[in-house]
Amino acid sequence: MSTELRRVRALAAVSLLSLVALTACAPPTADPGESAEETDAAAPAEPEEEAVSGPECLIGDWYIAEDQMKAYYAALSAANAGLDIGVEGGTGLSFTESTYAYTPDFSILVQVSGAEGTGTITGGVTGDYSATENEITTSHDVSDVALSVTVSGITVDGAGLFDSILDSAPINSAPYECGADGPIIQFKTGEGSPTVPMQLTPAA
């Protein structure tokens, strides 16, 4: 055997040994597809958020924004001839598991039989409530609302007017549904009159 041939064989043997050594030291290569599947299996699945429904969606501190209030009082005015009520501001409405609190935070502009007046509201209404899957009913309502209305320079106590409106309106007995942004309660505008859907949004 020639010297040259022996040298080639020696180089080939060294190369082969190096390859074997590298292969033995290297970790086994996993199949990319299997690796991805194993990673997916190992990663904890994110729990899906369950939509709240029924009375549970009522519980919390809510706010009825000015645009909702305006829509309601516009419908209330339409249901009462000679009465026109404008609103600035909103109102709070909160529910525990069994009680509620209605806390108005708005002023009104009233037009009655051609005379204009302004009003301010303080206080609130509290009470108990019960709810089915689609209707809320209040009871034991206690109102300490003070409504002061000034018409043509004369200020009168309008609390009786507010209470009479509340008796036939807001939430004495009303259908509701659970919306994505909060409960939607159908406020009444009077006996036999249309209801107005009021969107409640989380209080700031």
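What share of the 204 residues in the chain is buried? Colour by relative accessibility and you'll find that buried residues make up 29% of the chain. Keep in mind that this is a predicted model.

Next, switch to a cartoon. The chain has four helices and twelve strands. With the surface on, you're looking at about 12600 Å² of accessible area, 56% of which belongs to carbon and sulfur atoms.

Now colour by pLDDT. The chain average is 75, and 69% of the residues score at least 70. Then select residues 1–30: here the pLDDT is below 50, and beyond near neighbours in sequence the stretch has two contacts in the model.

Time for the pocket. Select Val52, Cys57, Cys178, Gly179 and Ala180: of the twelve residues lining the largest pocket, these lie nearest its centre. The volume of this pocket is about 150 Å³. Sorted by class, its lining has eight nonpolar, two polar and two charged residues.

Last stop: Ser113, in the loop between β3 (99–112) and β4 (115–122). Is Ser113 buried or exposed? Its relative accessibility is 71%, so Ser113 counts as exposed, the cut-off being over 50%.

How values were computed:
Residues are numbered from 1 along each chain as its sequence is written. This is a predicted model: local features need pLDDT of at least 70, side-chain atom pairs count only at pLDDT 80 or more; totals for chains, interfaces and linings use all residues. Side-chain values use heavy atoms; hydrogens and water are left out. On a 1 Å grid over the protein atoms alone, a cavity is a set of points where a 1.4 Å probe fits but cannot get out, and a pocket is an open set with protein on both sides within 12 Å along at least five of seven lines; lining residues have an atom within 4 Å of a point. Grid points are joined across faces, edges and corners, and a volume is the space filled by probe spheres set on the points. Ala, Val, Leu, Ile, Met, Phe, Trp, Tyr, Cys and Pro count as nonpolar, Asp, Glu, Lys and Arg as charged, and the others, Gly among them, as polar. pLDDT is the predictor's confidence in each residue, from 0 to 100. Contact means heavy atoms within 4.5 Å. Helices (H or I, at least four residues) and strands (E, at least two) are DSSP runs, numbered from the N terminus. Buried means under 20% relative accessible area, exposed over 50%, partly exposed in between (1.4 Å probe, protein chains only). Accessible areas come from the Shrake-Rupley method with a 1.4 Å probe; for residues, only the protein chains shown count as cover.
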